[in-house]
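Hello,

Here is the structure we talked about handing over. Please open it first, then read my notes below.

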Amino acid sequence: MTTAVRRRVRVHGRVQGVGFRWATAQAAARLRVGGLVRNLPDGTVEAEVEGDPDAVAAMLDFLREGPPAALVTRLDVAEVPARGDTELVVSP
């Protein structure tokens with residue numbers, strides 16, 4: 001069994017008001033990763049994604065693009081300790 005990894009990601013660009021959190025939740029369900037996604041007051045989106053290393057890497061690939069209406073300009077990614085999350089929670 002592979003040990004889960006977790007990444008905290010700050011997504012910059014046109015990422016609020018474009019369905020980014022909901023598209024992220026759909027991608028997370030498809031890839032079987034957990035964590036959270038939320039809008040931040042500065043206009044960015046913060047996500048924490050956790051799961052199999054390959055699934056987390058695929059999730060980071062998704063976050064680099066986002067849904068069709070988004071325009072991602074930068075990702076800031078940090079490794080954080082895994083917490084055992086198996087579902088992604090969408091917060092406001």
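Arg21 touches Val37, Arg38, Asn39, Val90, Ser91 and Pro92, leaving out residues up to four places away in sequence. Keep in mind that this is a predicted model.

Arg21 lies in helix H1, residues 20-31. Arg21 counts as buried because its relative accessibility is 17%, under the 20% cut-off.

Why start there? The UniProt record, an unreviewed entry, places the feature "active site" at Arg21 and Asn39. The two are spread over 19 residues of sequence, yet they cluster in space, with a largest C-alpha distance of 7.8 Å.

Asn39 sits in strand S2, residues 34-39. Its side chain makes a polar contact with the side chain of Arg21, at 3.5 Å. Beyond its neighbours within four places in sequence, Asn39 also contacts Gln16, Thr44, Val45, Ser91 and Pro92, among others.

Now the salt bridges. The whole structure has ten. One of them joins Asp85 and Arg6, at 2.9 Å from N to O. That pair links distant parts of the chain, 79 residues apart. Asp85 is in the loop between strands S4 and S5, while Arg6 is in strand S1. Arg6 is buried, at 0% relative accessibility. Asp85 is partly exposed, at 22%.

Asp85 also meets Arg83 in a salt bridge, at 3.8 Å from N to O. Arg83 is exposed, at 57% relative accessibility. Arg6, Arg83 and Asp85 belong to a salt-bridge network that also includes Arg8, Glu48 and Glu50.

Arg74 and Asp76 form another salt bridge, with the closest N and O atoms 3.0 Å apart. Both are partly exposed: Arg74 at 45%, Asp76 at 32%.

Best wishes

How values were computed. Residues numbered from 1 in each chain as written. Predicted model: local features only at pLDDT ≥ 70, side-chain atom pairs only at ≥ 80, totals over all residues. Heavy atoms only, no water. UniProt positions renumbered as here; feature names shortened; annotations may be inferred. Helix = DSSP H or I, 4+ residues; strand = E, 2+ residues; numbered from the N terminus. Buried < 20%, exposed > 50% of the residue type's maximum accessible area, 1.4 Å probe, protein only. Contact = heavy atoms within 4.5 Å. Polar contact = N/O pair within 3.5 Å; in protein donor to acceptor, adjacent residues only side chain to side chain. Salt bridge = Lys/Arg side-chain N within 4 Å of Asp/Glu carboxyl O.
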